[in-house]
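I opened this model to look up its charged pairs and the strands around them. My notes are set down in the order in which I checked things.

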Amino acid sequence: MPPRGHFSTLRTPITDPQLLILSLEQLGLTVEREGDVRGLGQTVKADVVAVLKGDYDIGWSRNADGGFDMIADLWGLSKFQNHEELIKSIYSQYKQNASLI
């Protein structure tokens with residue numbers, strides 16, 4: 001199901017869900033597989049979910065070309081943390097891990 005309401009969907013460089021999970025865990029985040037991304041009074045299913053403090057999460061869902069799209073209520077997420085820095089940290093850790101393979 002495509003995101004709705006306050007959720008945004010953004011194309012990402014993520015292609016390996018296991019590497020994404022490893023990267024999230026290395027950053028100290030709680031990870032759910034096939035979980036719900038929480039937003040403003042709504043949830044959306046995703047393949048990988050970083051469960052965050054507060055009532056807002058970040059999720060990734062596989063798209064038609066095999067990559068992953070990020071799903072989040074960015075406005076709500078920004079009430080609890082600097083979402084730009086968090087996302088940069090996640091992708092930086094993912095890129096670093098990918099370079100080791």
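The entries below go from the salt bridges to the strand pairing.

**Ground rules.** I am working with a predicted model, in which local features need pLDDT of at least 70 and side-chain atom pairs count only at pLDDT 80 or more, while totals for chains, interfaces and linings use all residues. Residues are numbered from 1 along each chain as its sequence is written, and side-chain values use heavy atoms, with hydrogens and water left out.

**Salt bridges.** I searched the whole structure for salt bridges (a side-chain nitrogen of Lys or Arg within 4 Å of a carboxyl oxygen of Asp or Glu) and found six. One of them joins Asp65 to Arg11, with the closest N and O atoms 2.7 Å apart. Asp65 sits in the loop between β4 (58-62) and β5 (68-72) and Arg11 in strand β1 (residues 8-11), so this pair ties together parts that are 54 residues apart in sequence.

I then looked up accessibility, calling a residue buried under 20% relative accessible area, exposed over 50% and partly exposed in between (1.4 Å probe, protein chains only). Both Asp65 and Arg11 come out as exposed.

**A second and a third pair.** Asp36 forms a salt bridge with Lys45, where the closest N and O atoms are 3.0 Å apart; Asp36 is partly exposed at 29%, whereas Lys45 is exposed at 58%. Asp57 bridges to Arg38, with 2.7 Å between the closest N and O atoms. Since Asp57 lies in the loop between β3 (43-51) and β4, and Arg38 in strand β2 (residues 30-38), this pair ties together parts 19 residues apart in sequence. I noted that Asp57 is buried, at 1% relative accessibility, while Arg38 is partly exposed, at 26%.

**Back to Arg11.** I found Arg11, Asp65 and Asp69 linked in a network of salt bridges. Arg11 also stands opposite Asp69 in β5, and β1 and β5 run antiparallel, joined by four bridges; I count two strands as paired if DSSP finds at least two bridges between them.

**Strand β5.** Five of the five residues of β5 are buried, so the strand is largely enclosed by the rest of the structure. Phe68, Met70 and Ala72 cover one side and Asp69 and Ile71 the other. β5 also pairs with β4, antiparallel and over five bridges, and there Trp60 has Met70 as its bridge partner. In this hairpin, with five residues between the strands, I noted that Gly66 takes a positive phi near 95 degrees.

Note on methods. Helix = DSSP H or I, 4+ residues; strand = E, 2+ residues; numbered from the N terminus.
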